[in-house]
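Hi there,

Here is the structure I promised to pass on. Have a look at it first, and my notes follow below.

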Amino acid sequence: MKKTLALALAMMMAATLLLTGCGNGGSEERVVNVCSWGEYIDEDLIYQFEEETGIKVNYQTAESNEALYSLLKTGAGDYDVIVPSDYMIGRLIAEDMLAELNYDNIPNYALIDDQYKGLSYDPDNKYTVPYTWGTLGIIYNTTMVDEPITSWDAMFDTKYAGQVLMIRNSRDALAAALLDLGYDINTTDEAQIREAYTLLSNAKNAGVYQAFVMDEIFQKMEGGNAAIAMYYAGDYLTMLENNPDLAYVVPEEGSNWFVDAMCVLKDAQHKDEAEEWINFIAGTDANLANMDYIWYASPNTEALAAYPDYYQETYGEALDMGLYEIMAAPQEVLDRCTLYENLPAETLSLYNDLWTELGI
């Protein structure tokens, strides 16, 4: 229910963008072009920012990190701010595609917890301001499976043929197979990666997968049209609002924990506006609103701690702490998870070749 108004606003905003386009408009107009993921912001924040700053926000989405990378490399996207995941940030930095930030213009960076700074993708904290963090796991419909799911085996088991949704990006899909085989998700061993591909390919050929999905997962899992899927904890909590039969698990073999961060492209035309946007979104009020809308954990220390009280004040009831710990996984869960690393060029090429061979 809390998202109904936001969805209507998003539709209005999309219609406005169709009429106005993404250019500068008048020469005096200040704009910022943002590209992020679907279902990944409280749209009210866009309007608040525009009102407070006079900066027009052109907000667009990409399907996955790999799709975003393709848009950037082909010049199809005219963006200032992007919100990629850790491993893709590392690749963009390595390819000199990101601008160093002026953190004097982003004082709210001080509110970001040190746990999400100095990570492998941006060790010197030059290019990024963390946006959200979370875990990758398995979502399943408790009325459509025989027993609770605990292992990545479920993503490859012919027992549920035609009822499994595999994620439609190569890094996550192959990670599920690597984890099921007991391998490191950051392995560069070609034999291990090919073994993982074979596991995935055999399951596809055996009819295990109903579909390979990204945002389509919401309709399918909320509607009870599939039994099992792999996706992200925050999106599971969104689906749970519409289908209480759903459950989420970080499998026993471990998983990926991720950080998505805001970056400015090196060729951005509106760098000052981009840093104003990043500073606004990094603030405590914005993070609280965002957590309440997208159910992804905030890297803002104040906001993450304050969210249970914020929820109670907003809805007049206590936050289910079990759900809070799915959104903001406790350390014992994170200890079983690994951050993706940017892989060497030859390994990335192998991933691309295998994904093409899979025919997705």
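At what angle do helix α3 and helix α4 pack, and how far apart are their axes? Please keep in mind that this is a predicted model. In it, α3 (residues 65-74) and α4 (residues 86-94) pack at about 25°, and their axes lie 10 Å apart. Angles under 35 degrees count as roughly parallel, and the two helices are therefore roughly parallel to each other. The crossing in which α3 passes α4 is right-handed.

Now to the chain as a whole. Its secondary structure comes to 14 helices and 10 strands. Along the principal axes, the C-alpha trace spans about 60 × 50 × 40 Å. The radius of gyration is 20 Å, which agrees with the value near 21 Å that a compact globule of 360 residues would have.

Of the 360 residues, 57% count as buried. Among the contacts in the chain with a separation of 6 or more, 73% come from residues 24 or more positions apart.

Enjoy exploring the model, and do write back with any thoughts.

Best wishes

Conventions. Residues are numbered from 1 along each chain as its sequence is written. This is a predicted model: local features need pLDDT of at least 70, side-chain atom pairs count only at pLDDT 80 or more; totals for chains, interfaces and linings use all residues. Side-chain values use heavy atoms; hydrogens and water are left out. Axes are lines fitted to C-alpha atoms, for helices over the stretch in contact, and angles run from 0 to 180 degrees between N-to-C directions. Helices (H or I, at least four residues) and strands (E, at least two) are DSSP runs, numbered from the N terminus. Angles under 35 degrees count as roughly parallel, over 145 as roughly antiparallel, 65 to 115 as roughly perpendicular and the rest as oblique. A crossing is left-handed if the near helix is turned anticlockwise from the far one by less than a right angle, and right-handed if clockwise. The radius of gyration is taken over C-alpha atoms; the globule rule is 2.2 Å times the number of residues to the power 0.38. Buried means under 20% relative accessible area, exposed over 50%, partly exposed in between (1.4 Å probe, protein chains only). Contact means heavy atoms within 4.5 Å.
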